[in-house]
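User: I am new to protein structures and would like to learn how to read one. Could you take me through this one step by step?

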Amino acid sequence: MNRPDAVDEEYHFEGRAIVSESDEKGIIIFANRKFCEISGYTKEELIGKPHNIIRHPDMPKAVFTQMWKDIESGQTWHGFIKNLRKDGLYYWVETEITPVFDDDKNITGYIAARKPASRKNIEEASALYAKMLEAEK
């Protein structure tokens with residue numbers, strides 16, 4: 001599936017939590033109705049795809065490096081993410097990702113719960129991420 005070109009326009013949303021579940025490699029195995037609505041993708045388009053299908057190009061790689069380090073070690077990760085919708089618009093979410101364990105304490109996947117990020121958090125994250133992106137060049 002081709003990723004859309006980013007459009008410099010924000011998609012605003014309110015309401016219920018966006019929830020998804022992925023396997024241990026980040027492949028989506030569940031997407032709730034709100035996730036489909038906000039991302040602009042159907043459930044069929046999301047299931048079986050890597051979760052980074054919605055990664056916006058403005059997101060620094062270091063954010064996801066830290067996220068994976070945390071969740072692969074069994075910790076919950078919390079942060080702010082700018083995502084890319086199917087139509088190219090973006091949306092900001094406050095995200096919490098929690099590992100899922102089997103009976104033997106092995107990580108079998110991850111559950112992500114997201115809600116709209118506040119304006120204050122968006123402004124702070126945007127400024128920080130711009131500096132991080134500059135440092136990645």
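Analyst: Happy to! Let's begin with the sheet: 5 strands form an open sheet in the order 2-1-5-4-3, with antiparallel pairing. Its edge strands are strand 2 (28-31) and strand 3 (77-84), each of which pairs on one side only. From one strand to the next, the twist averages 30°. Some background: this is a predicted model, where local features need pLDDT of at least 70, side-chain atom pairs count only at pLDDT 80 or more, and totals for chains, interfaces and linings use all residues. Residues are numbered from 1 along each chain as its sequence is written, and side-chain values use heavy atoms, with hydrogens and water left out.

User: What counts as a strand or a helix, and when do two strands pair?

Analyst: Helices (H or I, at least four residues) and strands (E, at least two) are DSSP runs, numbered from the N terminus. Two strands pair if DSSP finds at least two bridges between them. Here, strand 1 (residues 18-23) pairs with strand 5 in the antiparallel sense over 6 bridges. Within that pairing, S20 has A112 as its bridge partner in strand 5, and E21 has I111.

User: How many bridges join strand 1 to strand 2?

Analyst: Strand 1 and strand 2 run antiparallel and are joined by 3 bridges. In strand 2, I28 stands opposite S22. The hairpin of these two strands has 4 residues between them, and there G26 takes a positive phi near 90°. K49 sits in the loop between helix 2 (43-46) and helix 3.

User: Which strands does helix 3 touch?

Analyst: For packing, contact means heavy atoms within 4.5 Å. For angles, axes are lines fitted to C-alpha atoms (for helices over the stretch in contact), and values run from 0 to 180 degrees between N-to-C directions. Helix 3 (residues 61-72) packs on the sheet and touches strand 3, strand 4 and strand 5, its direction making about 135° with that of strand 3. Helix 4 lies across strand 3 and strand 4, at about 85° to strand 4.

User: How many salt bridges are there, and what is the rule?

Analyst: A salt bridge is a side-chain nitrogen of Lys or Arg within 4 Å of a carboxyl oxygen of Asp or Glu. By this rule the count is 9. One of them links K115 and E94, at 3.9 Å from N to O. K115 lies in strand 5 (residues 107-116) and E94 in strand 4 (residues 90-101), so this pair ties together parts that are 21 residues apart in sequence. Another joins K120 and E124 at 3.1 Å, N to O. These two are 4 residues apart in helix 4 (residues 119-136), so about one helical turn separates them.

User: Which residues lie nearest the centre of the largest pocket?

Analyst: First, the general idea: rolling a probe the size of a water molecule over the atoms shows where empty space is left. On a 1 Å grid over the protein atoms alone, a pocket is an open set of points where a 1.4 Å probe fits, with protein on both sides within 12 Å along at least five of seven lines; lining residues have an atom within 4 Å of a point. Grid points are joined across faces, edges and corners, and a volume is the space filled by probe spheres set on the points. The largest pocket holds about 370 Å³ of space. Its lining has 21 residues, with H51, N52, F64, M67 and W68 nearest the centre. Helix 3 gives the most to this lining, with 4 residues.
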